[in-house]
Every structure is written in C-alpha cells, then in structure tokens.
Amino acid sequence: MSRIKIIFSAGALQDMLEAKQWYNQQQSGLGNRFQSDVEEVIKRIKMNPTFASIKFGSIRTAACSSFPYAVHYEYEELEKLVRIISIFHFSRKPYWMD
C-alpha cells in the first residue's frame, strides 16, 4: 500500500491556529486538546481517505470527536494526495464556499 501524502492550505493552518488560540483563552491547555483532536482526525483520514462523506462537490468532511469542528479535505486517489482545505466549526459556513 502506498503512502498517502497530506498537504494543508494556508487557510486550514490559519483555521487551526485561530481555534487553538481561542480555546486556550477559554481554558489553559484546551487549545492543545483541540489540536490533538484534529490530529486524530487527520490520522484517520491518512489511514482511509475515503471514510468521510462527500459534502460539497468533491470535498469530504471528517468530524472531530470532542470539539464541534470538521476537517474539510479533498482526496486525489491517483496521486495518493489529501488536501486539507479547512478546519471549521460546525456552525460556520466555510469561507471557500463564497
């Protein structure tokens, strides 16, 4: 089985940083727990990129287990490439949909 490559958009990295900072302001260490939750989702995606449902065109969403966030990504099967587009709170409309 060939390895899956994961790449992050600048927006996804910014999403994660902002959410982590916000959670750390709410409670010390909570942002780190958020980041760990997102990292677990990304591990699941890497193990099986097609497990998550397609929600928007070719974009799949994989929910975090402890926080109300989802990782939005595209999977290019031929290239074995996962492109993380955003890490978004469930109640917000993803900025890339505008």
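I read the protein chain from end to end and noted the pattern β-α-α-β-β-β-β. The count comes to 2 helices and 5 strands, where helices (H or I, at least four residues) and strands (E, at least two) are DSSP runs numbered from the N terminus. The model is predicted, so I kept in mind that local features need pLDDT of at least 70 and side-chain atom pairs pLDDT 80 or more, while totals for chains, interfaces and linings use all residues. Residues are numbered from 1 along each chain as its sequence is written, and side-chain values use heavy atoms, with hydrogens and water left out.

**Overall dimensions**

I looked up the box filled by the C-alpha atoms of the protein chain: roughly 40 × 30 × 20 Å along the principal axes. Of the 98 residues, 37% count as buried (under 20% relative accessible area with a 1.4 Å probe, protein chains only; exposed is over 50%, partly exposed in between). I also took the contacts (heavy atoms within 4.5 Å). Among those between residues at least 6 apart in sequence, 42% join residues at least 24 apart.

**The sheet**

I traced an open sheet of 5 strands in the order β1-β5-β4-β3-β2, with mixed pairing; two strands pair if DSSP finds at least two bridges between them. β1 and β2 (53-56) are the edge strands, each pairing on one side only. From one strand to the next the twist averages 40 degrees (axes are lines fitted to C-alpha atoms, for helices over the stretch in contact; angles run from 0 to 180 degrees between N-to-C directions). I then checked β3 and β4: they run antiparallel and are joined by 4 bridges. Alanine 62 stands opposite valine 71 in β4.

**The helices on the sheet**

I found α1 lying across β1, β4 and β5, at about 35 degrees to β5. α2 lies across β1, β3, β4 and β5, at about 30 degrees to β4.

**Helix α2**

I followed α2 over residues 30-47: its 18 residues reach 26 Å from first C-alpha to last, close to the 26 Å expected at 1.5 Å a residue (1.5 Å times one less than the number of residues).

Which residues of α2 are buried? I listed Leu30, Gly31, Phe34, Asp37, Val38, Val41, Ile42 and Ile45. They cover an arc of only 140 degrees around the axis, which puts them on the same side of α2; the arc is that of the directions from the helix axis to the C-beta atoms. On the other side, Arg33 and Met47 are exposed. The buried residues of α2 pack against β1 (5-8), α1 (10-26), β3 (59-63), β4 (69-76) and β5 (81-89).
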